[in-house]
Amino acid sequence: MNRPIRSYVLRQGRTTPAQQRALDGLLPKYGIAFPQPIKSSKPLVLEIGSGMGETTIAIAIAHPEADFVAVEVHGPGVGSLLNAIEREKLDNVRVIRHDAVEVLEQMVGDASLAAIHLFFPDPWPKKRHHKRRLVQPELAALMARKLAPGGNLHAATDWPDYAEQMAAVFGAEPLLEPCDAGFAARPLTKFESRGRKLGHPIRELFFRRRT
Ligand SMILES: C[S@@+](CC[C@H](N)C(=O)[O-])C[C@H]1O[C@@H](n2cnc3c(N)ncnc32)[C@H](O)[C@@H]1O
């Protein structure tokens, strides 16, 4: 059987004891197991690759009227996010530790999302690795199908050529149109402040599903 090309390689990175405790004790509380369908009675925002969850938490605190589902494969990141949900006593964030492409395909209803967030996806800078980049025409079509009419697709990257690829791929998807803003303002993260100091330009892309 052909193995699908994945957008990540699971790093063996160190999991701290606190992250491990969260994975053991809090994932059952805040997690949604693959492939259980995601349900929400509020506007629903799905984040692809939430990393350590810093942005997820800030946006969820600012938007109690919405539900947020963070999808991430990296254990330490999931553990950190779970600890932050518990610490901030948030009842509007759920976490899925699984490949976001399969989550979109199998757990998310068509036309059900108020927004999709894709912040600083792995850039895979080497040309021979570009096939691993998440933003490809098939994913753009899948994301557009899962957004409700008028729903926002909000992406950010500090890799200029990936920004160009995103603009071209999203721009070519018939169900999407460019717009001026997203569902939520994106807070500045530590990672990003570091990038700015190094002079990396940050590009933010806003699209929405046509109504
Ligand atoms: C460069 S990090 C950015 C994290 C975070 N969004 C931020 O802005 O700090 C990209 C993250 O996406 C995750 N990722 C990559 N492909 C994924 C996939 N198919 N499903 C879920 N997570 C994925 C990686 O594990 C990594 O944590």
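Reply: One term to begin with: helices here are DSSP runs of H or I with at least four residues, numbered from the N terminus. Isoleucine 61, for instance, has its place in helix α3, residues 54-62. And keep in mind that this is a predicted model.

Me: What is isoleucine 61 in contact with, leaving aside its neighbours within four places in sequence?

Reply: Glu88 and Leu90. There's also a distance to look at with valine 93: isoleucine 61 and valine 93 are 32 residues apart in sequence, and their C-alpha atoms are 9.5 Å apart in space.

Me: Let's do the sheet. What order do the strands have?

Reply: The order is β3-β2-β1-β4-β5-β7-β6, an open sheet of 7 strands with mixed pairing. β3 (93-96) and β6 stand at the edges with a single partner strand each, so one side of each has no neighbour in the sheet. On average, neighbouring strands are turned by 20 degrees against each other, ignoring direction.

Me: What holds strands together in a sheet?

Reply: Strands of a sheet pair through backbone hydrogen bonds, and the pairing is either parallel or antiparallel.

Me: How many bridges are there between β2 and β3?

Reply: There are 4, and β2 and β3 pair in the parallel sense. One spot to look for is valine 71, whose bridge partner in β3 is isoleucine 96. Helix α4 (residues 75-88) packs on the sheet there, touching β2 and β3, and its direction makes about 160 degrees with that of β3.

Me: Which strands does α7 touch?

Reply: α7 packs on the sheet too, touching β4 (113-119), β5, β6 and β7. The direction of α7 makes about 10 degrees with that of β7.

Me: And which way do β5 and β7 run?

Reply: Antiparallel: strand β5 (residues 147-157) is joined to strand β7 (residues 203-209) by 6 bridges. Alanine 156 has glutamate 204 in β7 as its bridge partner. β7 also pairs with strand β6 (residues 176-178), in the antiparallel sense over 3 bridges. In that pairing, glutamate 177 stands opposite arginine 208 of β7.

Me: New topic. How many aromatic pairs does the structure hold?

Reply: It holds 2 aromatic pairs. In one of them, the rings of phenylalanine 68 and phenylalanine 183 have centres 6.5 Å apart and planes at 75 degrees, so the pair is edge-to-face.

Me: Why edge-to-face?

Reply: Planes over 60 degrees apart count as edge-to-face, and these planes are at 75 degrees.

Me: Where do phenylalanine 68 and phenylalanine 183 lie?

Reply: Phenylalanine 68 lies in strand β2 (residues 67-71) and phenylalanine 183 in the loop between β6 and α8 (190-197), so the pair ties together parts that are 115 residues apart in sequence. Phenylalanine 68 is buried, with a relative accessible area of 5%, whereas phenylalanine 183 counts as partly exposed at 21%.

Me: What about the pair of phenylalanine 170 and phenylalanine 207?

Reply: That pair is edge-to-face as well, with 5.7 Å centre to centre and 65 degrees between the planes. Phenylalanine 170 is in helix α7 (residues 160-172) and phenylalanine 207 in strand β7, 37 residues apart, which links distant parts of the chain. Both phenylalanine 170 and phenylalanine 207 are buried.

Me: Which ring does arginine 132 lie over?

Reply: Arginine 132 lies over the face of tryptophan 124, at 5.1 Å from the ring centre. Arginine 186 lies over the face of phenylalanine 119, at 5.6 Å from the ring centre.

Definitions and conventions:
Residues numbered from 1 in each chain as written. Predicted model: local features only at pLDDT ≥ 70, side-chain atom pairs only at ≥ 80, totals over all residues. Heavy atoms only, no water. Pairing = 2+ DSSP bridges. Helix = DSSP H or I, 4+ residues; strand = E, 2+ residues; numbered from the N terminus. Phe/Tyr/Trp six-rings, centres within 6.5 Å; stacked < 30°, edge-to-face > 60°. Buried < 20%, exposed > 50% of the residue type's maximum accessible area, 1.4 Å probe, protein only. Lys NZ or Arg CZ within 6 Å of the ring centre and 35° of its normal. Contact = heavy atoms within 4.5 Å. Axes fitted to C-alpha atoms, helices over the stretch in contact; angles between N-to-C directions.
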